[in-house]
Amino acid sequence: MEDTIAAIATAYGTGAISIIRVSGEDAILKVNAIFNGKDLENVSTHTIHYGHIVENNELIDEVLVSVMKKPKTFTMEDVVEINCHGGMATTKKVLELLLKNGIRLAEPGEFTKRAFLNGRIDLLEAESVMDVISAKTESTRKIALNQLTGKVSSLIHNLRKKIIEILANIEVNIDYPEYEDIEEMTIEMMKPRIDEIEKEIRNILKESENGKLLKEGIKTSIIGRPNVGKSSLLNALLEEEKAIVTEIEGTTRDTVEGSIVIDGILLNIIDTAGIRATEDLVEKIGVEKSRKLIEESELILYVLNQNQSLNKEDIEIINQLKHKNHILIINKTDLQSVIDVSSYEKEHPIVYMSTLKNEGIEELKEKIKEIFHLNQIENQDFTYLTNARSIAILKNVLESIEEIKNGIEQNQPIDLLEIDLKEVWNLLGEIIGETYQDELIDQLFSQFCLGK
């Protein structure tokens, strides 16, 4: 991190303003070399200055330059931001001058990576930066902001603090047994503390499942026989003509996707090919995809026609759905009723609809909210772990805690339990970046956008 880096921090394309961010030891010096205005090396920190970017006395652009001196910056290095006119030609020209002047083009996420490595933010806060940028709903914005401000990190710090207190007591007992006035950490004393830590971890994991739901949304598949109204249902939910609708069976041969928001939760909806026996190779591939999505999806909307009796395949799939979140949708209620689902009413949520007349959409949304308890989630605290990496580590922590509890039950020596407890402490450190591998950090920040 000895070199000075620069990147365009605003989105590509034509706009009123573009911002080029520069960070590093020579940030002020290098920008000053192409700036015609106040001497940036002698201005106060956190000030903005009017002037021009020039190259060999040629005027390049009229700009405002922000100067922020370390350590009170995002990267904890000297940071300069050039606010130039929007448009790619001007922005690229200013960036090109900086690179000619000995500044290196930043890698994706390198500004945030420097903030992490310089101790400005921890790993959870760093990961939340992209979550804030990519948030699609108000709920995901709140979750990301809680991580960015350190509220989620404090949960992990508190757990590590409790563990280190136990470890310190064990170490003192082992290293200084002659001190009789120091409380001895026994298995009997250790057990309730481990139980308390386990309870907190399980609670965080439980809440984090809600957080993951809020962040990633619900993977929802519309399944059913051909021509039951699956594509019409997708269009009705999205309120647009996303999927082609015809009377011809097998019109949808591949998946069609779209998203809607219900009570702050994103529904990622997939309209699938109608499930039926077919000799058409392309349609057959689509049918196989549909069957696979039944296993992969978090919510199945199984569409049936009111004017068609259940067939063997319908019954087979309905029974398969018992252990998954699902809704049986009886479509085409404007037609004569032939179907009989009375035997399924107790075990399966059912909604009656007419997508043609746009009837039943609100009832369907209410049923989805009921299944996933969306009203409760919306009213809860937004202090969650949401990324798969952190949740996976915390699940490993829980497994280690269970091993420690087994060791306590078997009356294992306290110094052996200490080894497992240190592993728990280290794993929790990986979540917030107190302990990490360089390869992991490089991979994580490589997924960020340029300029961030």
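**Salt bridges**

I started with the network: Lys-191, Asp-195, Glu-198, Arg-202, Glu-402 and Lys-405 are linked by salt bridges. My cut-off for a salt bridge is a side-chain nitrogen of Lys or Arg within 4 Å of a carboxyl oxygen of Asp or Glu. A note on the source: this is a predicted model, where local features need pLDDT of at least 70 and side-chain atom pairs count only at pLDDT 80 or more, while totals for chains, interfaces and linings use all residues. Residues are numbered from 1 along each chain as its sequence is written, and side-chain values use heavy atoms, with hydrogens and water left out.

I counted salt bridges by the 4 Å rule and got 25. I then looked up a few pairs.

Lys-162 and Glu-200 meet through their side chains at 2.2 Å, N to O. This pair links distant parts of the chain, with Lys-162 in helix 6 (residues 151–175) and Glu-200 in helix 7 (residues 187–216), 38 residues apart. Lys-162 counts as partly exposed at 26% relative accessibility, and Glu-200 counts as partly exposed at 24%.

Next I checked Lys-422 and Glu-418, whose closest N and O atoms are 3.8 Å apart in a salt bridge. They are 4 residues apart in helix 14 (residues 414–432), so about one helical turn separates them. Lys-422 is partly exposed at 38%, whereas Glu-418 is buried at 6%.

**Helix 11**

Lys-369 and Glu-366 form a salt bridge at 3.1 Å, N to O. Both sit in helix 11, 3 residues apart, so the separation is about one helical turn. Here the lysine is on the buried side of the cut-off: Lys-369 has a relative accessible area of 13%, while Glu-366 is partly exposed at 45%.

Which residues of helix 11 are buried? I found Ile-361, Leu-364, Lys-365, Ile-368 and Lys-369, in a helix that spans residues 361–371. Seen down the axis, these buried residues fall within an arc of 140°, so they line one face of helix 11. The arc is taken over the directions from the helix axis to the C-beta atoms. After helix 11 comes His-373, with a positive phi near 50°.

I looked at strand 12 (residues 326–331) and found 6 of its 6 residues buried, so the strand is largely enclosed by the rest of the structure. His-326, Leu-328 and Ile-330 point one way, with Ile-327, Ile-329 and Asn-331 pointing the other.

Strand 11 (residues 299–305) runs parallel to strand 12 and is joined to it by 6 bridges. I count strands as paired if DSSP finds at least two bridges between them. Ile-300 stands opposite His-326. Strand 12 also pairs in the parallel sense with strand 13 (residues 350–352), over 3 bridges, and there Ile-329 has Val-351 as its bridge partner.

I traced an open sheet of 7 strands in the order 3-4-5-6-2-1-7, with mixed pairing. Its edge strands are strand 3 (35–37) and strand 7 (104–105), each pairing on one side only. Strand 2 (residues 17–23) and strand 6 (residues 79–85) are antiparallel over 7 bridges, and Ser-18 has Cys-84 as its bridge partner in strand 6.

Most residues other than glycine have a negative phi, and most peptide bonds are trans. Pro-71 is in the loop between strand 5 (58–68) and strand 6. Met-76 lies in the loop between strand 5 and strand 6, with phi near 65°, and is partly exposed at 30%.

Is Asn-57 buried or exposed? Asn-57 is exposed, at 81% relative accessibility. I place Asn-57 in the loop between strand 4 and strand 5, with a positive phi near 70°.

Methods:
Buried means under 20% relative accessible area, exposed over 50%, partly exposed in between (1.4 Å probe, protein chains only). Helices (H or I, at least four residues) and strands (E, at least two) are DSSP runs, numbered from the N terminus.
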